[in-house]
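Please open the model in a viewer and keep the sequence at hand.

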Amino acid sequence: MISRLRFQLGDRLCYTLLVGALLLSSLYLLSSISTDGSDQALVAANTKTSSADAVSVQPLCVTSSGPHAEAAGVRLAPENRFSSEAFASIPSNARYLHPIGTDSATGAPVYEPFPASGPSPTGDRSNHASARPSKTILVTGGSGFIGRNLCRRLLNEGHRVIALDCFCSSIPLTLQPLLDEFPERFQFILHDITFPIKIVGDIDQIYNLACPASPPIYEFHPLHTLATCFQGVSNMLAVADDHGARILQASTSEVYGQPQVHPQPESYFGFVNPFGERSCYDEGKRVAETLLREHYHRYGTEIRIVRIFNTYGPGMHPFDGRVVSNFLRQAIEGKPLTIYGEGTHTRSFQYIDDLVEGIVRLMNTDPKPHNPLYSEENLIHPVNIGNPDEITILQLAEAVIKLTKSEVPIQKLPPTSDDPDRRRPDISYAKQLLNWEPKVSLHEGLSKTLAYFRSLDFADFTDFVSEFKQKKIKEEEFARSPHHARLTNSKF
């Protein structure tokens, strides 16, 4: 029949009719979706709109899979295999925001974290002025190690905070203490930033921390890591533009790659492998910095960029694959401390409180007239935040053994690829611009982190590294199997 139509009507008209038929079929299927009583109540509640709303809100159409995905309106990226497991682990009484509807223009879920906050901003960029006694602040990656510590700092200062996360490298229970302690000023949104989102009401500042930062995690989810750094950052810039908010992007010392300059100043362009196992993270963060720069020049978005060096402290996931968490957990469990290589690699470790202080200062640094250091053009440049005290990985292992009073051996394993030999920040710019430098010594910071680790039940946490290694082995075995060869060679 299609061939007959093509003969009689021509290709262009035939294709137009086919597309129209597909659209009508899709509309019919959407209109036929059934909902139970609770979903109908949710849809009814979602019909409310405000004349001051910055987006056109339509009633919520539930299309996601899984009860928590439905409630949160989360749409999952293809590689988000972790998300379904995260949803399943969320307690049934957990408190997180439901969307009030969907944006008619983009289909993005719409959230209203603080309904009593008054009308939405009109895009006036003075909205976030530092003179305001308290702000409404969005923290993406809010359930992560840095995000959770930042949320507590901002809440203690009296701000209203919206945490957003998809639990790709954290667990839901980590935010429950903040939800209990600050019920009126703290809200949580379950969302993957690789998909658009609309937020109704005031947002003065955005700390964009969302991205896997642990090598085992981002090496296992490279495509989602890249999507988070590009599409996710683009979506958060859109939120910033919608609200006239200032946005701070969490970049990384990994943008310097295998540095040929030591210590590394912000002016150093880096020496990065664009085609390696770690490239998804290194290059992802580099393109994220470029996105912010171009948004500033094209749209006037107020941006801040922080390049974070190795950070540790309470709140770390014991199985995140980072060296400090590995060493402390292994020492507590009486297992050998594993070093990749000879242990001669150097790192500079900063305590979490020092990092949070630095990024909060950077976010709240405003332009000053007639002062070139504080010009807007200067403030958009990346700033290193790290501890310049440099030690070898072997020295760190010995410090952990001494601190924990453990009699465990050090086990040397084959080195990992593209692991930088040396890493030390030049923080001259941060000292000059922010009057900031780290205060907590390594011994003091490790002691506090050890106390936190000893308070944990490691059984409550997922062993990301072992789990991903097993999955990777299975995928590699499948890739070598005849069944996989038949699939890849199939015309379908």
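A nonpolar core is a set of buried Ala, Val, Leu, Ile, Met, Phe, Trp, Tyr and Cys residues joined through side-chain atoms within 4.5 Å. The model shown here is predicted.

Begin with V139, L150, F186 and Y207: these have the most contacts inside the largest nonpolar core, which comprises 70 residues. Next, select helix α12 (residues 352-363), which supplies the largest share of this core, seven residues. Centre the view on L150, which touches V139, Y207, L209, V356, I359 and V360, leaving aside residues up to four places away in sequence. A second, separate core has 27 residues, among them L138, I247, I305 and I380.

Now select helix α10, residues 279-299. Its 21 residues reach 29 Å from the first C-alpha to the last, close to the 30 Å expected at 1.5 Å a residue. Buried positions in α10 include Y281, A288, L292 and Y296. The buried residues of this helix pack against α8 (215-220), α9 (222-243), β9 (246-252), β10 (303-308) and α13 (376-379).

Finally, display α9 together with α10. How far apart are the axes of α9 and α10, and at what angle do the helices pack? The axes lie 9 Å apart, and the packing angle is about 20°. Angles under 35 degrees count as roughly parallel, and α9 and α10 are therefore roughly parallel to each other. Their crossing is right-handed. To view the contact, select residues including L226, F230 and V233 of α9 and Y281, K285 and L292 of α10.

Notes. Residues are numbered from 1 along each chain as its sequence is written. This is a predicted model: local features need pLDDT of at least 70, side-chain atom pairs count only at pLDDT 80 or more; totals for chains, interfaces and linings use all residues. Side-chain values use heavy atoms; hydrogens and water are left out. Helices (H or I, at least four residues) and strands (E, at least two) are DSSP runs, numbered from the N terminus. The expected span of a helix is 1.5 Å times one less than its number of residues. Buried means under 20% relative accessible area, exposed over 50%, partly exposed in between (1.4 Å probe, protein chains only). Contact means heavy atoms within 4.5 Å. Axes are lines fitted to C-alpha atoms, for helices over the stretch in contact, and angles run from 0 to 180 degrees between N-to-C directions. Angles under 35 degrees count as roughly parallel, over 145 as roughly antiparallel, 65 to 115 as roughly perpendicular and the rest as oblique. A crossing is left-handed if the near helix is turned anticlockwise from the far one by less than a right angle, and right-handed if clockwise.
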